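Subject: Handing over a structure

Hi,

Here is the structure I promised to pass on. Have a look at it first, and then read on for what turned up.

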Amino acid sequence: NSKILFNHFSIYQIKKNKFYSKYWGDLPNLIKEKNNVVWLNMTHSDFRNNKIKMINKFIDHDKYSSNNQIHLFLESKINLKLIVKSFIDWLFLVFQYLRVHKYVTKIKFCNFYIWDIVEKDFFRSFLSSKAIFNVIYANLFEEAIKYIPASCELFILYEGQGWETILISNWKKRSRSKVFLVSHDAKRYWDMRYQYSNKIFYANNHCPFPLADFYLYHGDYAYDNMATFIPKDKLLRSEALRFNNIKSNKKNNLYKSNKRYKILILSSANISLNNDLLEISSNFLKKYSKNYSFLFKAHPDTIIRNFNYSNITLLNPRDDLSLIINHADIVFTSASTSAALDAYLSGINVITLLDKSLPNISPLYNFSNFKFCYDFKTFEEILLNLNQKNNNINNNTYSYFYTSKKLLLWKKLINY
């Protein structure tokens with residue numbers, strides 16, 4: 001009765017040859033009380049040859065397959081036969097593109113040609129390197145699943161990525177065991193990656209779509225969002241694993257009037273948003289460097305090639321946010337990043353940069369004491385008037401996520 005946990009493997013998940021995923025939290029320890037944990041790993045896209053040795057060292061370590069825990073790497077199944085098959089599959093995609101292209105360009109909706117919107121995505125889906133990537137990983141999923149007992153249950157982090165559909169499709173072809181899509185981040189009302197037409201959940205659908213057996217929601221906010229398109233009998237409650245152990249660790253001695261405040265900048269993988277945050281912060285420091293210092297932690301998927309802000313400290317994007325965040329007095333974020341929730345739940349004041357031309361897409365939308373700015377002037381006004389003694393945490397915040405030290409909801413789920 002092993003449980004399969006799908007994981008975006010990163011070398012930063014290994015500390016002293018011990019593996020830990022912040023997204024899966026304490027769930028592996030709970031599973032290991034009665035079952036084995038099999039990690040189905042997709043290696044992260046930022047791996048370089050110089051890290052292959054570190055991965056192999058982890059694999060060869062005697063603790064690698066101990067404690068009821070096994071790691072299976074998708075990329076370890078790459079061979080010449082799979083590459084040739086993937087190339088043939090991609091040629092079939094190219095043929096399909098040539099066959100349907102002229103018809104897609106003529107599709108109209110309310111007298112509007114949708115080709116103007118989908119052209120780039122259509123090209124990427126059939127002809128680009130992304131298409132080749134998808135074909136290879138579809139075959140890797142099919143190959144890797146052969147090595148997993150059909151009785152195992154599969155748990156996938158619910159991110160709305162295309163490969164989730166590929167994995168579920170291959171899993172359903174071989175196994176009748178349940179598939180669970182697990183919410184781990186803020187289920188934002190505007191994010192179309194998590195939206196489905198509810199028609200695809202009905203058996204009489206003529207174009208069956210690969211679906212999970214159950215979708216796990218981790219709070220009332222997530223439920224309200226997901227229940228609008230997912231049938232309620234497919235929704236199950238669970239603790240928010242990523243946020244389950246977040247505590248307010250701010251100490252009273254942080255609020256001395258003569259201290260130099262540390263401001264942590266957090267953003268998404270969007271380079272333009274990063275530049276906006278950094279530009280405002282750098283200009284602020286030119287006026288108020290005596291009382292403030294700024295640190296910038298980029299999104300883990302962001303590659304920083306040129307950093308031109310000498311008055312801002314650049315942190316390693318792969319550093320554990322939970323170890324950094326409680327050393328900050330204030331957090332300055334972009335609108336879309338869920339890291340704003342980490343800061344807010346840790347009892348730290350959060351200022352979010354919004355775009356006047358766009359809706360408020362922050363996960364802190366409608367939270368009390370939520371502070372937002374639009375430009376340097378509004379940021380300056382908020383920061384200079386911020387009352388550091390007034391901690392922003394409130395009792396209603398925790399209703400955003402379900403939490404339990406003993407993972408009581410998860411105990412029911414793994415024995416479902």
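**What turned up**

Leu 407 sits in the loop between H11 and helix H12 (408–413); helices (H or I, at least four residues) and strands (E, at least two) are DSSP runs, numbered from the N terminus. Its phi is near 50°, a positive value in a residue other than glycine. Leu 407 is also buried, with a relative accessible area of 3%. By buried I mean under 20% relative accessible area, by exposed over 50%, and by partly exposed anything in between (1.4 Å probe, protein chains only).

A quick word on where this comes from: it is a predicted model, in which local features need pLDDT of at least 70, side-chain atom pairs count only at pLDDT 80 or more, and totals for chains, interfaces and linings use all residues. Residues are numbered from 1 along each chain as its sequence is written, and side-chain values use heavy atoms, with hydrogens and water left out.

Asn 111 also has a positive phi, near 60°, and is not a glycine either. You will find Asn 111 in the loop between strand S6 (108–109) and strand S7 (112–113). Is Asn 111 buried or exposed? It counts as exposed, because its relative accessibility is 69%.

Now the whole chain. It has twelve helices and 17 strands, and 49% of its 416 residues count as buried. Take the contacts (heavy atoms within 4.5 Å) between residues at least 6 apart in sequence: 70% of them join residues at least 24 apart. The accessible surface (Shrake-Rupley method with a 1.4 Å probe; for residues, only the protein chains shown count as cover) comes to about 22,700 Å², and 53% of that belongs to carbon and sulfur atoms.

Next, the sheet. Six strands make an open, parallel sheet in the order S14-S13-S12-S15-S16-S17; two strands pair if DSSP finds at least two bridges between them. Strand S14 (312–314) and strand S17 (371–373) are at the edges with a single partner strand each, so one side of each has no neighbour in the sheet. From one strand to the next, the twist averages 25°. Axes here are lines fitted to C-alpha atoms, for helices over the stretch in contact, and angles run from 0 to 180 degrees between N-to-C directions.

Two helices pack against these strands. Helix H8 (residues 271–288) touches strand S12 (261–266), strand S13 (292–297), S14, S15 and S16, and its direction makes about 165° with that of S13. Helix H11 (residues 376–384) lies across S12, S13, S15, S16 and S17, at about 150° to S17.

Five bridges join S15 (residues 330–334) to the parallel strand S16 (residues 349–353), with Ile 330 opposite Asn 349 and Thr 333 opposite Thr 352. S15 also pairs with S12, in the parallel sense over four bridges, and there Val 331 is the bridge partner of Leu 264. How many of the five residues of S15 are buried? Five of the five are: Ile 330, Phe 332 and Ser 334 point one way, while Val 331 and Thr 333 point the other way.

Cheers
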